[in-house]
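I opened the model today and kept notes as I went. The entries below follow the order in which I looked things up.

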Number of protein chains: 2
Amino acid sequence: MTETTLEPVELLVCTTCKMGRAIEDDALRPGNLLYEAMLKEDLPAHVTVRPTQCFTNCQGGCNIMMRGGNRYAYVYGNLDPETQVEIITDGVTRYYNAADGFVPWRERPEHFRKNCVARIPPLNLPEDAAQ
Amino acid sequence: MTETTLEPVELLVCTTCKMGRAIEDDALRPGNLLYEAMLKEDLPAHVTVRPTQCFTNCQGGCNIMMRGGNRYAYVYGNLDPETQVEIITDGVTRYYNAADGFVPWRERPEHFRKNCVARIPPLNLPEDAAQ
């Protein structure tokens, strides 16, 4: 599988997340910090970091989502913008390099294994997906 | 807004869910029961019920997902196939009738308000979605 056959990936970062903390109105939220940090990471060329609002998993923030093409999408939570940026970079790079989005369990970052909020079927879900 | 302008909706039901129970191999799982029950419901014509596998929220099953067109998608959990089918029918009908998918908070079924697992932006997320 060459890179040119891989469909692009979106890395969505919830920028409204406060991680349950009291945040001053004029202060950057943890979600903002995570988004800004991800923009500086060395990601594959076809991984786009985008800000978004509230995944509604506010008790388990910060949250990100990865999706793209025919891959299943994944929402991950409990991410700390100060200590776990590299974990996200590792995880989304592996996800991008898997054309079907299925990174073998043992190859996923441990944090991803333990903090998956939801796995979402692609829009073109095959008819036999539940078989 | 007339019905003809509303984009179709998918109601995905995880059919692999055991609700944390011990289920015999040859018995129908709670997720199967929920899927079969939803097929019998009187839903709007353009709401399609589809089976899918594991949303990974196994500790909070049964789970469903609603999505369609430019609407935000929602994953809801802790649904009991024996007692909460009508709640799902009510919720997905309201969701279908909202062209943008935003059902006012107070008009959502109470179970939906308290058991939203994740809210997922549509694929064509506007550039200013996080503003």
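**Entry 1: a tyrosine in a helix**

I began with A:Tyr96, which is buried, with a relative accessible area of 0%. Buried means under 20% relative accessible area, exposed over 50% and partly exposed in between, with a 1.4 Å probe and protein chains only. A:Tyr96 lies in helix α2 of chain A. Helices (H or I, at least four residues) and strands (E, at least two) are DSSP runs, numbered from the N terminus. I then looked up A:Arg71, 25 residues apart from A:Tyr96 along the chain. The C-alpha atoms of the two are separated by 9.2 Å.

**Entry 2: ground rules**

I noted that this is a predicted model, where local features need pLDDT of at least 70 and side-chain atom pairs count only at pLDDT 80 or more, while totals for chains, interfaces and linings use all residues. Residues are numbered from 1 along each chain as its sequence is written, chains are lettered from A and ligands numbered from 1 in the order in which they are written, and side-chain values use heavy atoms, with hydrogens and water left out.

Next I went to the loop between β4 (73–76) and α2 (85–97) of chain A, where A:Asn78 is found. A:Asn78 is not a glycine, yet its phi is positive, about 55°. I find A:Asn78 partly exposed, with a relative accessible area of 41%.

A:Gln84 has its place in the loop between β4 and α2 of chain A. Is A:Gln84 buried or exposed? A:Gln84 is buried, because its relative accessible area is 14%, and the cut-off for buried is under 20%. A polar atom of its side chain lies 2.7 Å from the backbone nitrogen of A:Asp80. I also listed what A:Gln84 touches, not counting residues up to four places away in sequence, with the entries A:Asn78, A:Leu79 and A:His111. Contact here means heavy atoms within 4.5 Å.

I checked omega and phi. In chain A the peptide bond from A:Gly61 to A:Cys62 is cis, with omega near 0°. A:Cys62 sits in the loop between β2 (47–52) and β3 (64–67) of chain A. In chain B a cis peptide bond joins B:Gly61 and B:Cys62, with omega about -5°. B:Cys62 is in the loop between β2 (47–52) and β3 (64–67) of chain B.

A:Met19 is a residue other than glycine with a positive phi, near 55°. I place A:Met19 in the loop between β1 (9–14) and α1 (30–39) of chain A.

**Entry 3: strand β4 of chain B**

Which residues cover the two faces of β4 (73–76) of chain B? B:Ala73 and B:Val75 lie on one side, B:Tyr74 and B:Tyr76 on the other, and all are buried. In a regular strand the side chains alternate between the two faces of the sheet.

I then traced the neighbors. β3(B) and β4(B) pair in the antiparallel sense over three bridges. Two strands pair if DSSP finds at least two bridges between them. B:Ile64 stands opposite B:Tyr76. The two strands form a hairpin with five residues between them, and B:Gly69 in the turn has a positive phi of about 60°. β4(B) also pairs with β5 (116–120) of chain B, in the antiparallel sense over four bridges. There B:Tyr74 stands opposite B:Arg119.

**Entry 4: an arginine in β2**

B:Arg50 lies in strand β2 of chain B. I find B:Arg50 buried, with a relative accessible area of 12%. Its side chain makes a polar contact with the side chain of B:Glu10, at 3.0 Å. A polar contact is a pair of N or O atoms within 3.5 Å; within protein, one must be able to donate a hydrogen and the other to accept it, and residues adjacent in sequence count only if both atoms are side-chain atoms.

**Entry 5: the interface**

I counted 29 residues of chain B in contact with 29 residues of chain A. The chains bury about 2,400 Å² between them, 51% of it on carbon and sulfur atoms. Buried area is the accessible area (1.4 Å probe) that two parts lose on being put together, summed over both.

How many salt bridges are there between chain B and chain A? The count is zero. A salt bridge is a side-chain nitrogen of Lys or Arg within 4 Å of a carboxyl oxygen of Asp or Glu. I did find ten residue pairs in polar contact across the interface, both at pLDDT 80 or more. On the side of chain B that touches chain A, β1 (9–14), β2, β3 and β5 each give two or more residues. β5(B) gives the most, with five.
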